[in-house]
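The following exercises concern the structure shown below.

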Amino acid sequence: MADDDGELAWLLLVSAVETAAALWHTEDASQLDLLVQTNPELADLLRDAGGEDLVARAAQLMKLNRPTAATQQFLLTFGATPPTERPPEWAQFDFSKLQKAINLIYSYRSQVLHAGAPFPGPLLESPFVGDLAVPEEVPSGHWTQYGDNTLWMAKDLPMHFHTFAGIVRRALLAWLDELARR
C-alpha cells in the first residue's frame, strides 16, 4: 500500500501505533507531566511568562493531547533503538531527535485529517538506494524539491516511511515481548 498510496500508508501506520499506545498508556501520568513531555518548549515559554502556576493551568488543557503524549511515550519507550543494518552515516536518521520527529509526523498526520493539507510529498517517495546496502533512512540533502515549485527543507522531512515503519515495528514487538513476560 505504501507504494500505491503513501499518504494513506502514513495515516494508517500512525493510527496503528496510536491505538497500541492507547492500550499501553497508563492513566497515572499527570496532565503537567504530559505537557512537559510532549511540548517542553511550550512548558518553558509558559514558565518564563507566568511561572509554574501558568504551566499548571495550561496543563489542564492536555486532556486534548493525551493520544499524542501516549504515542510519543510509547515510541520513545519501545522503538528508540536503531535498526541493526544501517546506511552510511549521511543517510541515517539521528535517533537522538526521535521525539522531535514523532511530533512532526504527528503534526503532518493531524494536518491531513483536520485541515485537508497534503502529507509532505518527499515523504511519499521511495528512498534512494543506489549502491547502498540498505536504503537511506532520511531524505538526502539540505532541501528537496517536490513537484514544480515546492521546496522542503531537510528539517521538515524527519524520515522516510520505511524508517518510521521500522521504529513502529520494533516498538510493537518490544511491547508484545514485555506483555509476554508478565
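A residue is called buried under 20% relative accessible area, exposed over 50%, and partly exposed in between, with a 1.4 Å probe and protein chains only. The model is predicted: local features need pLDDT of at least 70, side-chain atom pairs count only at pLDDT 80 or more, and totals for chains, interfaces and linings use all residues. Residues are numbered from 1 along each chain as its sequence is written, and side-chain values use heavy atoms, with hydrogens and water left out.

**Exercise 1.** Determine whether Phe74 is buried or exposed, and identify its contacts.

Solution. Step 1: Phe74 is located in helix α4; helices are DSSP runs (H or I, at least four residues), strands are likewise DSSP runs (E, at least two), and both are numbered from the N terminus. Step 2: the relative accessible area of Phe74 is 0%, so this residue is buried. Step 3: contact means heavy atoms within 4.5 Å. Leaving aside neighbours within four places in sequence, the contacts of Phe74 are Val17, Ala20, Ala21, Trp24, Gly79, Ala171, Leu172 and Trp175. Step 4: Glu52 lies 22 residues from Phe74 along the chain, and their C-alpha atoms are separated by 27 Å.

**Exercise 2.** Describe the surroundings of Trp175.

Solution. Step 1: Trp175 belongs to helix α6. Step 2: with a relative accessible area of 11%, Trp175 is buried. Step 3: not counting residues up to four places away in sequence, Trp175 touches Ala20, Leu23, Trp24, Phe74 and Phe78. Step 4: one of these, Leu23, is 152 residues from Trp175 in sequence, yet the C-alpha atoms of the two are 11 Å apart in space.

**Exercise 3.** Classify the packing of α1 against α6 and against α5, and of α2 against α3.

Solution. Step 1: two packed helices are described by the angle between their axes and the distance between the axes. Axes are lines fitted to C-alpha atoms, for helices over the stretch in contact, and angles run from 0 to 180 degrees between N-to-C directions. Angles under 35 degrees count as roughly parallel, over 145 as roughly antiparallel, 65 to 115 as roughly perpendicular, and the rest as oblique.

Step 1: α1 and α6 pack at about 20°, with axes 11 Å apart, so α1 is roughly parallel to α6. Residues of α1 in this contact include Trp10, Leu13 and Val14, and those of α6 include Phe164, Leu172 and Trp175.

Step 2: for α1 and α5 the angle is about 115° and the axes are 10 Å apart; these helices are therefore roughly perpendicular. Among the residues in contact are Trp10 and Val14 of α1, with Ile105 and Tyr106 of α5.

Step 3: helix α2 (residues 31-38) packs on α3 at about 170°, with axes 11 Å apart, and the two are therefore roughly antiparallel.

**Exercise 4.** How many salt bridges does the structure hold? Examine three of them.

Solution. Step 1: side chains of opposite charge can pair when their charged atoms come close. The criterion for a salt bridge is a side-chain nitrogen of Lys or Arg within 4 Å of a carboxyl oxygen of Asp or Glu. The structure holds eight.

Step 1: Asp53 and Arg57 form a salt bridge at 3.9 Å, N to O. They are four residues apart in helix α3 (residues 40-59), so about one helical turn separates them. Arg57 is exposed, at 53% relative accessible area.

Step 2: Arg181 and Asp177 form a salt bridge with their closest N and O atoms 2.8 Å apart. Both lie in α6, four residues apart, about one turn of the helix. Arg181 is exposed at 61%, whereas Asp177 is partly exposed at 40%.

Step 3: Lys155 pairs with Asp156 in a salt bridge, the closest N and O atoms being 3.3 Å apart; Lys155 is exposed, at 63% relative accessibility.
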